[in-house]
Amino acid sequence: MRVPETDVRPRDAGSTPRRLLPDETPPIRAVSRPPGGVSRPGRNPFAALPLAQAFPLAVIGGVLFALSFPSPGWWFLAYPALACMLLAAMGQRVRRAAWLGYVAGAAFYIPAISWAGRYLGPVPWFALALFEAVFFALGSVAIALAYRWVTRVLPSTAGRVWGLPAVVAALWTGREWFSGSWPYGGFAWGRVGLSQSESPFAHLAAYVGVLGVTFVVVYCTAVVLSLALVVPRGPGVVLRLPMRVATAGLLVAAVLAVPAWPTATDGSIRIESVQGNGPAGYFDRATPGEVLNAQVAATDVDAKGVDLVVWPEGSAEFDPRQQPVIASALDSVVDAVGAPIVAGAITQTPSGVLHNTSFVWTANGWQSSYDKKRPVPFGEYVPDRWFFSKIAPSLIGLLQRDYTPGTKPNVLSVAGVKAGIAICFDIVDDGLTRDMARGGAQVILAQTNNADFSGTDENLQQLEIARMRAIETGRSLVNISTVGASQVIDPSGRTIDRVPEYTATSMITDVPLGTSTTPATVASGLVALLLSLGGLLTLLACAPWSRSARTARASSLSSARS
């Protein structure tokens, strides 16, 4: 008697198998393989984590990222921080990805910029932190979509390990570029690249700029994550694990093997940088002349061979062309030291426009000047004052003066050299940094007033930004503050001189003069633009625009989850 055969075709759960007729043969099931010959694993390696796991990862990632900035400045924590934030966003739906990104951004910014509430209390501090967290949320959505959409277009192991991380890193870089540009000129504080000023990756800034360093660090982290997640199932996995670890190590080694840009110097200039430690804060209630007198007292007028004296932002207080007392004090320093002085003051045009100005004063008086191009929103001016006065009238009322952005070049000729001038917040602006290098600056003078943030980490964070600018431009940089941290940094980012914070003193340093042009000063703006647009356009190109594509994607996700 013939034994009937059973149909082996797939069937719905609970259905009864159909018996084959005597002349039928069992069907053969085709095995589908994606391009590249790699079998699809049974589970999507980039599937979204449950909220109970993703939420703490977002918080931990934000906190670790804050710790990578001063203080304590543990730069290496940026890597696990990025890994946590990427894992939290990976594969999430839009709304959940946005909230997780917002949580990570808040967990980062609230501790990182706690200095914003030093005098004005928690309102401006939390307002800025929570507003900037919105950009983290937007970036998290884009990255979550990349892990869902790009993997559909690049299903091979190579695509997921090497191609997908490039898109993720470009999207992160684009988010930093956008938040550093908008609104009101943006807030570039807290970029991944800025956390690496003391790391082995810092020298890459000379090639690709700060945002380029961000891309490299995020890319390496995302590749390591992909190597950990995209693991073939079945026998032999243990044997493949050492190879994946070795691949990650080779990637990092290849990046670190890039040599430091060969910066060239030609001669030096002896600069006396004076930290007066006067009552320069907005709320110090200093009487006119106190800050100026502190600077004069801290200047070593007996120093020998000084070519240039540099004072910090606002150190002369007011325009010496309008105040004979100030002009007389400056003359006494110039005559005693035998060198010109670069100082800062509030100046006013005949039409009443206020500027935060850096000027050169010689034995012949006022020589040239630069007006700050990046006054701080809600610090040195109030944008849309009519609107914000209705929201927080008491806080906005404290800011009675509005400084106007300057238009003059930020390179001044002084003591026979060309000096790039950065007044406080100018140092965070990528474009102004490139302008200094392209304008022929041989040394950068970063004048700042950190007195409003005494006892906080703001001055240390700003110092690390200045350090990255020195590497990026291949120029020595004198970071001189009213209260500290004041240091002289060489083109490699190494500190060659410093003075204690909150101490009235000066440092006399032979500062090397830079002559080379780094790739970053030529093309870092273009690199940042190409990365930002490239990541966004790639994401949009991989989006499932058609109904059939969305249906297929939903089906594949459903199959992966089952």
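1. Let's start with the overall picture. The protein chain holds 15 helices and 13 strands. Please keep in mind as you look around that this is a predicted model. Of the 562 residues in the chain, 52% are buried. If you take the contacts between residues at least 6 apart in sequence, 70% of them join residues at least 24 apart.

2. Next, have a look at the largest nonpolar core, which has 96 residues. Which of its members touch the most other members? They are Phe-65, Tyr-147 and Trp-172. Helix α6, running over residues 205-229, supplies the largest share of this core, with 14 residues. Apart from this core lies another one of 24 residues, including Tyr-370, Val-414, Ile-423 and Leu-513.

3. Leaving aside residues up to four places away in sequence, Tyr-147 touches Phe-46, Leu-86, Met-90, Gly-91, Leu-164, Val-168 and Ala-222.

4. Now for the rings. The structure contains 31 aromatic pairs. One of them joins Phe-215 and Tyr-219, which are stacked, with 6.0 Å from centre to centre and 10° between the planes. Both residues belong to helix α6, where they sit four residues apart, about one turn of the helix.

5. Glu-272 is buried, yet has no salt bridge. How far away is the nearest side chain of opposite charge? That side chain belongs to Arg-270 and is 9.6 Å away; a salt bridge would need the charged atoms within 4 Å.

6. What does lie by the side chain of Glu-272? One of its polar atoms is 2.6 Å from the backbone nitrogen of Asp-300. Not counting residues up to four places away in sequence, Glu-272 touches a list of residues that includes Thr-299, Asp-300, Ala-303, Val-337, Ser-506 and Ile-508.

Terms used:
Residues are numbered from 1 along each chain as its sequence is written. This is a predicted model: local features need pLDDT of at least 70, side-chain atom pairs count only at pLDDT 80 or more; totals for chains, interfaces and linings use all residues. Side-chain values use heavy atoms; hydrogens and water are left out. Buried means under 20% relative accessible area, exposed over 50%, partly exposed in between (1.4 Å probe, protein chains only). Lys and Arg count as positive and Asp and Glu as negative; His and the chain ends are not counted. A polar contact is a pair of N or O atoms within 3.5 Å; within protein, one must be able to donate a hydrogen and the other to accept it, and residues adjacent in sequence count only if both atoms are side-chain atoms. Contact means heavy atoms within 4.5 Å. A nonpolar core is a set of buried Ala, Val, Leu, Ile, Met, Phe, Trp, Tyr and Cys residues joined through side-chain atoms within 4.5 Å. Helices (H or I, at least four residues) and strands (E, at least two) are DSSP runs, numbered from the N terminus. Rings of Phe, Tyr and Trp (its six-membered ring) pair if their centres lie within 6.5 Å; planes under 30 degrees apart count as stacked, over 60 as edge-to-face and the rest as tilted.
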